[in-house]
Amino acid sequence: MANALKLFALRQAARLIYCVRKIHDLFWKSVADLVELTLSEEQAAAWTRFHYSSRSGQYVHNGYNNSGLYDWERRAIDDYFPKSPARILLTAAGGGREAIALAQLGYEVVALEPEEQFYFELTKACAGDESLTAMQTSHEQLIATPPTDLPCFDGVVIGWGSFSHLPKRDEVYALMETLQGLCPKGPILTSFFVRQPPHQLSRSRQRLRQFIKSWSPIKRTLDGYLRFDYRLGLVRTYDQQWLDELAAHVDCHVTTFEPYPYGHAVLVPNKNTVDDA
Ligand SMILES: C[S@@+](CC[C@H](N)C(=O)[O-])C[C@H]1O[C@@H](n2cnc3c(N)ncnc32)[C@H](O)[C@@H]1O
């Protein structure tokens, strides 16, 4: 009898936890749909800025900024970048993690970062190191006013994950064109959230999305590559197909695309590679 009761209680507990989990999932999926379908790209960019300006402290810590390149970054640099000494343009540099590590490998680095507090850390890292230069610039500013006074770079590193912070497709193309202009013969290492193949949406979710879309003032074309991230707002995701398209747009090809341990790819020019130059 006691055993039967225990079994009954156990089943009820399992059922309850299953239900709570279902409600939790449903809640987050609805929030994700709501944000994805109603947030403009400008609002998404503001959400991302808010995250970095007030919620993301690690890039101001010396320990983190001196922790060196991740293994996948190191492999990409070793395998596809010209050997040092060479000039590298680094965007979205944060507090300087990649910049410091690249300078230690013997590279000359121009590092860009828009966020005030990270830029401050970056300038501290650059102080007294002639191989490091810091500029306070975002991807959007780089596209709008590409620097004309810098000699060509031998390689570009788009700072960790920041390729996902351009919600507008046009801006992604424009950034690639700008970077290619600044580094016409070298590789471009970029990293991003990886696009997961879309799951078949349940009918109720399809209906919910239809309802939100009909009511939303945002009439953005849904290209399936934007998704909601609770920290960063909308993030742009990538897969091999879109990277190939992007590379072709700037007369490059994707020489490596790895979804793990963190999504990254290296694009190299079709002609005039560093070796041919
Ligand atoms: C994941 S953090 C990486 C920081 C640094 N590269 C690192 O790995 O330690 C992403 C960086 O992208 C920057 N960022 C966000 N939006 C950006 C934008 N629109 N243009 C350029 N950088 C941006 C953030 O300020 C932040 O420093």
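The residues lining the largest pocket divide into 13 nonpolar, eight polar and ten charged, where Ala, Val, Leu, Ile, Met, Phe, Trp, Tyr, Cys and Pro count as nonpolar, Asp, Glu, Lys and Arg as charged, and the others, Gly among them, as polar. Please bear in mind that this is a predicted model, in which local features need pLDDT of at least 70 and side-chain atom pairs count only at pLDDT 80 or more, while totals for chains, interfaces and linings use all residues. Residues are numbered from 1 along each chain as its sequence is written, and side-chain values use heavy atoms, with hydrogens and water left out.

By pocket I mean, on a 1 Å grid over the protein atoms alone, an open set of points where a 1.4 Å probe fits, with protein on both sides within 12 Å along at least five of seven lines, and lining residues have an atom within 4 Å of a point.

The largest pocket has a volume of about 1,100 Å³, volume being the space filled by probe spheres set on the points, which are joined across faces, edges and corners. Of its 31 lining residues, Asp33, Glu36, His199, Leu201 and Arg205 lie nearest the centre. Helix H1 (2-38) is among the elements that each supply at least two lining residues, and H1 gives the most, with nine; helices here are DSSP runs (H or I, at least four residues), numbered from the N terminus.

Turning to the second largest pocket, about 800 Å³ of space lies there, and of the 37 residues that line this pocket, Thr48, Tyr52, Ala92, Ser162 and His165 are the closest to its centre. Its lining has 13 nonpolar, 17 polar and seven charged residues, and the largest share, five residues, comes from H2.
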